[in-house]
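Keep the terms defined as they come up.

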Amino acid sequence: MRVIIQRVRSSQVRVNGEIVGKIEKGLNLLVGIATNDSINEINWMVRKCLELRLFSDENSESKWTKSVQDIGGELLVISKFTLYGDCRQGRRPSFSNSAPPAEAEKLYNLFVEQLKKSGLKVETGIFGAMMEVSINNDGPVTLLLEKEA
């Protein structure tokens, strides 16, 4: 499983010109599911996304002291099978390491449901749709999280 995690001031996703998900301060999560991912990778990734200290404490000079949970931030979760695109050979990416759509959607939905248990606002795009994602990156802070089965 791969997640591009971005600290944002705001983010939104549109499908067919209509906003389907929108957040303020928090994290934008672009999520790729691999062929061999399971509940183990989902649980690990949920914990990481919620607990990573990516925010500053306004009352301190320390950076990287608060998690999205600590600040009561928001999450926008977007499915992104292209995170497993392999461009090493030829001129067209191979997506053979991406989970088949039915399996990926099941695990993606589980990931979203686990995040919602945190009590934070969690918004999503539409799985498998063509989406326009607007990201107001804060910092900018962008990290790649990966958990292999």
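Ser79 lies in strand β4, residues 74-79; strands here are DSSP runs of E with at least two residues, helices are runs of H or I with at least four residues, and both are numbered from the N terminus. The model is a predicted one, in which local features need pLDDT of at least 70 and side-chain atom pairs count only at pLDDT 80 or more, while totals for chains, interfaces and linings use all residues. Residues are numbered from 1 along each chain as its sequence is written, and side-chain values use heavy atoms, with hydrogens and water left out.

With a relative accessible area of 13%, Ser79 is buried. Buried means under 20% relative accessible area, exposed means over 50%, and partly exposed is in between, with a 1.4 Å probe and protein chains only. Apart from neighbours within four places in sequence, Ser79 is in contact with Val31, Tyr108, Ile126, Phe127, Gly128 and Met131, where contact means heavy atoms within 4.5 Å.

Asn16 is found in the loop between β1 (2-15) and β2 (18-23). Is Asn16 buried or exposed? Asn16 is exposed, at a relative accessible area of 78%. The hairpin of β1 and β2 has two residues between the strands, and Asn16 takes a positive phi near 55 degrees there, although Asn16 is not a glycine.

Because 10 of its 14 residues are buried, β1 is largely enclosed by the rest of the structure.

β6 also holds Pro140. The peptide bond from Gly139 to Pro140 is cis, with omega near -5 degrees.

Trp64 is another residue with a positive phi, about 60 degrees, although it is not a glycine. Trp64 sits in the loop between α1 (39-51) and α2 (68-71). At 45% relative accessibility, Trp64 counts as partly exposed.

Now to the whole chain. The protein chain has three helices and six strands, which follow the pattern β-β-β-α-α-β-α-β-β along the sequence. Its C-alpha trace spans about 50 × 35 × 30 Å along the principal axes. The radius of gyration is 15 Å, which agrees with the value near 15 Å for a compact globule of 149 residues; it is taken over C-alpha atoms, and the globule rule is 2.2 Å times the number of residues to the power 0.38.

Buried residues make up 38% of the 149 residues. Of the contacts with a separation of 6 or more, 73% are between residues 24 or more positions apart. The accessible surface comes to about 8,500 Å², of which 45% belongs to carbon and sulfur atoms; accessible areas come from the Shrake-Rupley method with a 1.4 Å probe, and for residues only the protein chains shown count as cover.

How values were computed: Pairing = 2+ DSSP bridges.
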